[in-house]
Every structure is written in structure tokens, then in C-alpha cells.
Amino acid sequence: MSAKPKLYYFAGRGKMESIRWLLAAAGVEFEEEFLETRDQYEKLLQGGCLLFQQVPMVEIDGMKMVQTRAILSYIAAKYNLYGKDLKERALIDMYVGGTDDLMGFILMFPFLSAEDKEKQRAIIIQKATSRYFPVYEKVLKDHGQDFLVGNNFSWADVHLLEAILMVEEKKSDVLSGFPQLQAFKARISSIPTIKKFLEPGSQRKPVPDDKYVETVRRVLRMYYDVKAN
């Protein structure tokens, strides 16, 4: 039996959370080592584990993988969540890329000042409802299928659900004008592996708090102020 994938990151969401989501969606159990001190990070650096001197890092199938997109692509392909042919893979990449752009507005939100958080919250909601959600609403309506690509559950569906839930944390009724996405959210959330990941006690991480922010700043020596987009 092969070893469980091992994830090296902070005890919070950040760029690792989408990796947790995808492994969970595939029904893959994984272990985690949380970075809490600068010494832990330095040890990984000195051991040559961090190819570009950054995390996330995932040990899987004898590899020590870095670069979030590469890790996600590998997991999606390994567990048949990456479409059945090149065309479907291209569509999945396109949709995931769009969702990533939306998530980018949220990723640094915890590191903003209180004033900038309010500005960023408005930006997130505006971008979601005017640029990104309308695209997925139209895709689902036009093809009339349960999933975004090829009528099969894929990485694109997992990524979109994660993004929807993240935006709902900023505005709970953000899907009020998107009936297709409301149905999509309910449908994907009911998939057994996803449902399990959404239950209390799973390895899904909560909304980042001050402790998470302080830990990341200390370990990565982030001494500058992050600005809103």
C-alpha cells in the first residue's frame, strides 16, 4: 500500500486549501505537517525540498511537489477528475483558471487592514456577481448538464464549489440571482466525498483568523502591509 500524501503548510487555508479539497473529493486520505516556526521552514529549505523556496509542498508517489497548479493537475489526472480527452482537459483548465482569478481576490483578504477589508469585500462581491458567476451560470444553463465539463464530476466542479462557499462567507445571499449555481452548489455538496469534507471534524480549514495570519507572517517573515486590490 502506498503512503498517504503528506501536505506541508500552515494550519489554515491559503494555497493549500484547494489541494485539500481535491484530495478529499477524490476520496484520498492525507496527512499534514503544519508549519508553526521559522525553523521548520528553514529545515525544508536546507533539505532542498522547496524547489522555489515556497510552500505548499506535497509528498506524493515518491515526489516532493511544489507549485500549487502542478500539484492540483497531478491529483486531478491521477484520480480521473481531469476529463476524458484533451478538449475536456482544456475546458477544465479554462474554468479552473477563471475560478483561480476570483479566489485571488480572497486569498490575501485576512492580511488586510480593517479598512481595506471592507473595500476588498465589495470588490470580491462585485467581481463574483458581474464577471465570474455569470459565466458558470450560462455554461450550466446552456448545456443543461449536472457538471461543468462532459457531464462528469471534475476538478472544475470542486474548484467552483470551493469558490462559491468562500464568496458566500463574504455575502451569504450572493447566489440569489443565479438559480443554476444554487442547484449546482446543492448537487455537488451532496456528493459523498464532498459531503464528508464539509462536515465538522474534517480536514477542511476554517476562515483564517488572527492566529493564522500571525503564524504566516512570522514563518515567512512578512514584515510589509498587504494592500487591497
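Lys-138 and Asp-142 sit four residues apart in helix α5, about one turn of the helix. Their side chains meet in a salt bridge, 2.6 Å from N to O. Keep in mind that this is a predicted model.

**The α5 pair**
- Lys-138 counts as exposed, at 51% relative accessibility.
- Asp-142 also counts as exposed, with a relative accessibility of 53%.
- Why can two residues with this spacing reach each other on a helix? An α-helix has 3.6 residues a turn, so residues three or four places apart point the same way.

- Salt bridges with shared partners join Glu-17, Arg-20, Glu-32 and Lys-205 into one network.
- Within that group, the side chains of Arg-20 and Glu-32 meet at 2.8 Å, N to O.
- Arg-20 belongs to helix α1 (residues 17–25) and Glu-32 to strand β2 (residues 31–34), so this pair ties together parts that are twelve residues apart in sequence.
- Arg-20 and Glu-32 are both buried.

**A link between α3 and α4**
- Arg-69 and Asp-93 form a salt bridge through their side chains, with an N to O distance of 3.4 Å.
- This one links distant parts of the chain: Arg-69 is in helix α3 (residues 68–78) and Asp-93 is in helix α4 (residues 86–107), 24 residues apart.
- Arg-69 is partly exposed, with a relative accessible area of 33%.
- Asp-93 is partly exposed too, at 25% relative accessible area.

**Helix α1 under cover**
- How many of α1's residues are buried? Nine of its nine are, so the helix is mostly covered.
- The buried set takes in the charged Glu-17 and Arg-20, along with Ser-18, Ile-19, Trp-21, Leu-22, Leu-23, Ala-24 and Ala-25.
- After α1 comes Gly-27, which has a positive phi near 75 degrees.

- Glu-137 is another α5 residue.
- Glu-137 is buried but has no salt bridge. The nearest side chain of opposite charge belongs to Lys-141, 7.0 Å away, and a salt bridge here needs the nitrogen and the carboxyl oxygen within 4 Å.
- What does the Glu-137 side chain reach instead?
- The backbone nitrogen of Leu-181 is another, reached at 3.0 Å.
- Leaving aside residues up to four places away in sequence, Glu-137 touches Phe-178, Pro-179, Gln-180 and Leu-181.

**Ser-154, tucked into a loop**
- Ser-154 is in the loop between α5 (114–143) and α6 (155–168).
- Is Ser-154 buried or exposed? At 2% relative accessibility, Ser-154 counts as buried.
- Setting aside residues up to four places away in sequence, Ser-154 is in contact with Leu-81 and Ile-92.

**The annotated domain**
- UniProt, in an unreviewed entry, places the feature "domain: GST C-terminal" at residues 85–209.
- Over residues 85–209 the chain is 67% helix and 0% strand.
- The end C-alpha atoms of that stretch are 41 Å apart.

**Helix α9, one face in and one face out**
- Helix α9 spans residues 210–220, and its buried residues are Tyr-212, Val-213, Thr-215, Val-216 and Val-219.
- Looking down the α9 axis, those buried residues fall within an arc of 165 degrees, so they line one face of the helix.
- What does the buried set pack against? The buried residues of α9 pack against β1 (6–9) and α2 (38–46).
- Asp-210 and Lys-211, on the other side of α9, are exposed.
- At the start of α9, a side-chain oxygen of Asp-209 comes to within 3.2 Å of the backbone nitrogen of Lys-211.
- Just after α9, Arg-221 takes a positive phi of about 55 degrees.

Technical notes. Residues are numbered from 1 along each chain as its sequence is written. This is a predicted model: local features need pLDDT of at least 70, side-chain atom pairs count only at pLDDT 80 or more; totals for chains, interfaces and linings use all residues. Side-chain values use heavy atoms; hydrogens and water are left out. Helices (H or I, at least four residues) and strands (E, at least two) are DSSP runs, numbered from the N terminus. Buried means under 20% relative accessible area, exposed over 50%, partly exposed in between (1.4 Å probe, protein chains only). Contact means heavy atoms within 4.5 Å. A polar contact is a pair of N or O atoms within 3.5 Å; within protein, one must be able to donate a hydrogen and the other to accept it, and residues adjacent in sequence count only if both atoms are side-chain atoms. UniProt positions are given in the numbering used here, feature names are shortened, and annotations may be inferred rather than shown by experiment. The arc is that of the directions from the helix axis to the C-beta atoms.
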